[in-house]
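Try each task before you read its solution.

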Amino acid sequence: SHHDCGGRKAVGGAGRAMLRTAAGLEAELEARDRLCVYVLAEAEPLCAKLAPALESVVAPFSRAVPLVRVDLDTAAPDLLEALGVSAAPSFVFFREQGRVDTVRGRSDGAENTRILTLLRSTFEKLVMHVPRVTSIAEFDTVKSINPLLLTYVFGAWQSAPATEALLEDLAVSAKGQGVKLIKVDVSECEALARELNVAAVPCFVLIKNGVRVDSFYQVHPPRERLDAALAFLQAF
């Protein structure tokens, strides 16, 4: 029956659970505060193309945002209706039982890279305090909501986990001071880096009421330098 295992059926022998019904989805959402549902179809070439790279995108977030799979061809209609999808591949994100985002695939040229980039930024938004902004439109929205912004502009080739960890830590205290921290990967949005007048990376750009008021270039800045930037932004 569709309702065995709370609407889940193990597939692929790797302990992967496949969600089948809306009741199964409800049970998942009651058990966790964040969830990503991947709707796939075996006959869809894009799903096969995504498979090798998907694991590396999903793995860092797997504890905070578990991924469950839905087979488009065998899922109950009530589940697809609850997910709001009718095609694969689709990724539906939930937080506190509400649907917060959907990333959909279309079968054309550079789709793989676009979907993986969108997926990573959506996962980050759900779990991280410093979200990745990937377009000018998204940046304009963030800017309109947050009068004080500290923007970390970097290149994907510059691995700086210590800086990322420091910014995550800083973002929690900055929020109390009314400052929002965001990050921009120049390889994902060169146009945004140009709009911010960033000549080299990594660069930290301070923005108040939509206007750039200061910036500095520094690899691995100490906490004190970033605290000073926040104080400057507030006092400006």
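**Exercise 1. Find out how many residues of strand S4 are buried, and on which faces.**

Step 1. Strand S4 (residues 67-71) is mostly covered, with five of its five residues buried. Buried means under 20% relative accessible area, exposed over 50%, and partly exposed in between (1.4 Å probe, protein chains only). Helices (H or I, at least four residues) and strands (E, at least two) are DSSP runs, numbered from the N terminus.

Step 2. Now sort them by side: Leu67, Arg69 and Asp71 are buried on one face of S4, and Val68 and Val70 on the other. In a regular strand, side chains alternate between the two sheet faces.

Step 3. Look next at the neighbour: strand S3 (residues 34-40) pairs with S4 in the parallel sense over five bridges. Pairing here requires that DSSP finds at least two bridges between two strands. Leu40 has Asp71 in S4 as its bridge partner.

A note before going on: this is a predicted model, in which local features need pLDDT of at least 70 and side-chain atom pairs count only at pLDDT 80 or more, while totals for chains, interfaces and linings use all residues. Residues are numbered from 1 along each chain as its sequence is written, and side-chain values use heavy atoms, leaving out hydrogens and water.

**Exercise 2. Describe how helix H2 packs against H4.**

Step 1. Helix H2 (residues 45-58) and H4 pack at an angle of about 35 degrees, and their axes are 10 Å apart. Axes are lines fitted to C-alpha atoms, for helices over the stretch in contact, and angles run from 0 to 180 degrees between N-to-C directions.

Step 2. List the contact (heavy atoms within 4.5 Å). On H2 the residues include Leu46, Leu50 and Leu54, and on H4 they include Ile115, Leu119 and Phe123.

Step 3. Divide the residues of this H2 and H4 contact by class: 10 are nonpolar, one is polar and three are charged. Ala, Val, Leu, Ile, Met, Phe, Trp, Tyr, Cys and Pro count as nonpolar, Asp, Glu, Lys and Arg as charged, and the others, Gly among them, as polar.

**Exercise 3. Decide which residues of helix H5 are buried and which are exposed.**

Step 1. In helix H5 (residues 136-145), the buried residues include Glu138, Phe139 and Val142. Seen down the axis of H5, its buried residues fall within an arc of 100 degrees, so they line one face of the helix. The arc is taken from the directions from the helix axis to the C-beta atoms.

Step 2. Turn to the other side of H5, where Ala137 and Ser144 are exposed.

Step 3. Ask what covers the buried residues of H5: helix H4 (111-127) and strand S7 (148-154) are among the elements that do.

**Exercise 4. Work out the strand order of the open four-stranded sheet, and its edges.**

Step 1. The order is S8-S7-S9-S10, with mixed pairing. The edge strands are S8 and strand S10 (211-217), each of which pairs on one side only.

Step 2. Inside this sheet, S7 and S9 pair in the antiparallel sense over six bridges. Tyr152 stands opposite Phe204 in S9.
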